[in-house]
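Subject: Structure for your review

Dear colleague,

Please find below the structure that I am handing over to you. My notes on its contents follow it.

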Amino acid sequence: MGLWVRCNLAVLLLNIIAIELANVHKCSGECDLFQGSWVRDPSYPLYNSTTCPFIEKEFDCQKNGRPDRDYLQYRWQPTGCSLERYSFRHSIPLFIHRDIKSYLVLIYLCLDFFLAKIGFNLDDAFFGFDGVGFLKKFKGKKIMFVGDSLVRDQWQSLTCLLYNARPNLKYTLMRSGMISTFTIKGYGVTVMLDRNVYLVDIIKESKGRILKLDSIEDGKNWRGMDMLIFNTWHWWGYRGAHQPWDYIQVGDQVMKDMDRTAAFEKALATWGTWVDINIDPSKTRVFFQGISPNHYR
């Protein structure tokens, strides 16, 4: 290799290292993960829906005949930092001497750069989503999604990712009422879904189906979880045949209808009070997600 080539390669590697260090610097402080945009990523999707035997028909767009695949190749990119999946350069043990570690990273970056020219990505080929690492980290833990089709979709995606973590994983999938329970037996990881689209209760009484804005009897199913992911909104605007209740109740007052935004706020206040009373934040992490757009025709 000539001197000119070696020098240019050195400059190139230094530039790559500078970019990598810049990314590390961006992630070293706090980053607002909720500010960003969806970007195309050719390494996506992280799993093939045809390899997931329990995916529900409503969520298998390819099987339902959608002709394109572009929509599968988007990932969330925060504005202030990068959300990187498990990669070689992050898996180098910390106990390795920093000079040796720097040399290994340099080799990795060099290989990654040149292989990328022919469309080969080291991370995506050998690591991608580290499903086994996820299962080890959450061994013996329980995760529950609660809400409408937004969390239902996320539950489907996570369970399919974990099912594809390695070949021949033994799992169980049970459905009881509105609750689905997916368990990876070898790791004791349980991922549950509670389809409660309002978070508060709908009770059938002699008068009809009543949406009770200050009642969360369903909360008994949420206790004992290590992580809870909630969402609600989409169904609050439904009317007519799509509306799954006949009356709204607040305290002792039963109404045929009311301002939907006010009803939503009341329900969220009830949910927030339930979380404050029933959840120990040192044992359970709680997330509340934003609004999902209308996605039915």
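A search of the whole structure finds 15 aromatic pairs; rings of Phe, Tyr and Trp (its six-membered ring) pair if their centres lie within 6.5 Å, and planes under 30 degrees apart count as stacked, over 60 as edge-to-face and the rest as tilted. One of them is the tilted pair of Phe54 and Phe182, with 5.2 Å centre to centre and 45° between the planes. Phe54 lies in the loop between β1 (36-40) and β2 (74-78) and Phe182 in strand β5, so this pair ties together parts that are 128 residues apart in sequence. Helices (H or I, at least four residues) and strands (E, at least two) are DSSP runs, numbered from the N terminus. Phe54 and Phe182 are both buried, where buried means under 20% relative accessible area, exposed over 50% and partly exposed in between (1.4 Å probe, protein chains only).

The pair of Phe134 and Phe138 is stacked, because the ring centres are 4.5 Å apart and the planes are at 25°. Phe134 counts as buried at 18% relative accessibility, and Phe138 counts as buried at 17%. Ring pairs also link Trp222, Phe230, Trp271, Trp274 and Phe288 into a cluster.

Please note that this is a predicted model: local features need pLDDT of at least 70, side-chain atom pairs count only at pLDDT 80 or more, and totals for chains, interfaces and linings use all residues. Residues are numbered from 1 along each chain as its sequence is written, and side-chain values use heavy atoms, with hydrogens and water left out.

Tyr247 has charged groups over its ring: the charged end of Lys207 sits 4.8 Å from the ring centre, and that of Lys256 sits 4.6 Å from it. A charge sits over a ring if NZ of Lys or CZ of Arg is within 6 Å of the ring centre and within 35 degrees of the ring normal.

I turn now to strand β6. In β6 (residues 189-194), 6 of the 6 residues are buried, so the strand is largely enclosed by the rest of the structure. Val189, Val191 and Leu193 point one way, and Thr190, Met192 and Asp194 the other. Strand β3 (residues 142-146) runs parallel to β6 and is joined to it by 5 bridges; two strands pair if DSSP finds at least two bridges between them. Here Val146 stands opposite Asp194. Strand β5 (residues 179-184) pairs with β6 in the antiparallel sense over 6 bridges, and Ile184 has Val189 as its bridge partner. β5 and β6 form a hairpin with 4 residues between them, and Gly188 in the turn has a positive phi of about 65°.

With kind regards
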